[in-house]
Amino acid sequence: MSLLRKARRFISYPWPMRFMFIEAYLFLAWGRIFKLLPFHKVRHTLGEYMKETPISGCTEREQQLLRQISRAIHTMSRVTWWESQCLVKAVAAMKMLERRGLACTLYLGSGRDDHGKMAAHAWLRSGTYIVTGKEGHERYAVVGIFGKDSARNRAAAAVKRQRI
C-alpha cells in the first residue's frame, strides 16, 4: 500500500481513533525498548507476578474499547519500522489498558513451533477478551503470569486496607 493511500486511510478515521493509533504507535515503541532491557529490571512494570485478574464479563463499553485497542495495536504493528511481535504488542496494549484503568493479565508461554524448535509467545487478556496474541496461544504452556488490577479494584483494595 502506498504512503499516500495509507495517509488517506488514516485521515478517514474519526479523531478519537486517530489518537488511539498514535498512542498505539508510541506504546509499541516503548514495548520495543522494554524488550531490549534486561527482564529482571523491568518486570515490576508488568504488574504482580503470578496474579491473574478476574475473567468476569465486561460492560459493552469496555468490550468496545478492548476491540478498538486490539485493532489499533495490530494495525500500527504492521507499520512500525522495528519488530513488533507478540511481547511488544502485549506490553503496548497493557500500557493502553492501564491508562484507561482496565484490569489485564499478561501471559508468557513456551512451547515448540512447527519445526520442533523451542518457541515463546506472549498474549494479553482483559476479562474474557484476548487483546493481543490470540493466534495460536493455546499451543503454549504458561510459564509466567503478570496481572494488573483495574483502577476500581485498586481503590477498593486501598479502602479495605484502611479499614483493617
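Biologist: Which share of the contacts in the protein chain with a separation of 6 or more comes from residues 24 or more positions apart?

Modeller: Residues 24 or more positions apart then supply 71% of the contacts in the protein chain that have a separation of 6 or more. Before we go on, two notes on reading the values. This is a predicted model, so local features need pLDDT of at least 70 and side-chain atom pairs count only at pLDDT 80 or more, while totals for chains, interfaces and linings use all residues. Residues are numbered from 1 along each chain as its sequence is written, and side-chain values use heavy atoms, with hydrogens and water left out.

Biologist: How many helices and strands does the protein chain have?

Modeller: Here, helices (H or I, at least four residues) and strands (E, at least two) are DSSP runs, numbered from the N terminus. The protein chain has six helices and five strands, and along the sequence they come in the order α-α-α-β-α-α-β-β-β-β-α.

Biologist: And what radius of gyration does the protein chain have, next to that of a compact globule?

Modeller: The radius of gyration is taken over C-alpha atoms, and the globule rule is 2.2 Å times the number of residues to the power 0.38. For 164 residues a compact globule would come out near 15 Å, and the 17 Å of the protein chain agrees with that. Along the principal axes, the C-alpha atoms fill a box of roughly 60 × 45 × 30 Å.

Biologist: How much of the protein chain counts as buried?

Modeller: Buried means under 20% relative accessible area, exposed means over 50%, and partly exposed lies in between (1.4 Å probe, protein chains only). By that rule, 42% of the 164 residues are buried. Accessible areas come from the Shrake-Rupley method with a 1.4 Å probe, and for residues only the protein chains shown count as cover. The protein chain exposes about 10100 Å², of which 58% comes from carbon and sulfur atoms.

Biologist: On to charges: how far apart are the mean positions of the positive and negative ones?

Modeller: Lys and Arg count as positive and Asp and Glu as negative, with His and the chain ends not counted. Each charge is placed at NZ of Lys, CZ of Arg, CG of Asp or CD of Glu. The 29 positive and 12 negative charges have mean positions 6 Å apart.

Biologist: How many salt bridges does a search of the whole structure find?

Modeller: A salt bridge is a side-chain nitrogen of Lys or Arg within 4 Å of a carboxyl oxygen of Asp or Glu. The search finds 10 of them. One of them joins Arg99 and Glu23, whose closest N and O atoms are 2.6 Å apart. Arg99 sits in helix α5 (residues 86-99) and Glu23 in helix α2 (residues 15-36), so this pair ties together parts 76 residues apart in sequence. Arg99 is exposed at 57% relative accessible area, whereas Glu23 is buried at 10%. Glu23 and Arg99 also belong to a salt-bridge network with Arg100.

Biologist: Which residue forms a salt bridge with Asp149?

Modeller: That is Lys51, with closest N and O atoms 2.4 Å apart. Asp149 lies in the loop between β5 (141-148) and α6 (151-163) and Lys51 in the loop between β1 (48-49) and α4 (60-77), so parts 98 residues apart in sequence are tied together. Asp149, at 22%, is partly exposed, and Lys51, at 21%, is partly exposed too.

Biologist: Where is Met50 found, and what is its phi near?

Modeller: The general idea is that most residues other than glycine have a negative phi. Met50 has a phi near 60°, a positive value in a residue other than glycine, and it lies in the loop between β1 and α4.

Biologist: Let's end with single residues. Which residues are in contact with Tyr25, leaving aside neighbours within four places in sequence?

Modeller: Tyr25 lies in helix α2 and touches Met76, Val79, Thr80, Trp81 and Trp82 once those neighbours are set aside. Tyr25 is partly exposed, at 24% relative accessible area. Its C-alpha atom is separated by 8.4 Å from that of Ala72, 47 residues away along the chain.

Biologist: And is Phe39 in a helix or a loop?

Modeller: Phe39 is in helix α3 (residues 39-42) and counts as partly exposed at 35% relative accessibility. Beyond its neighbours within four places in sequence, Phe39 contacts Phe34, Leu46, Leu108 and Phe146.

Technical notes:
Contact means heavy atoms within 4.5 Å.
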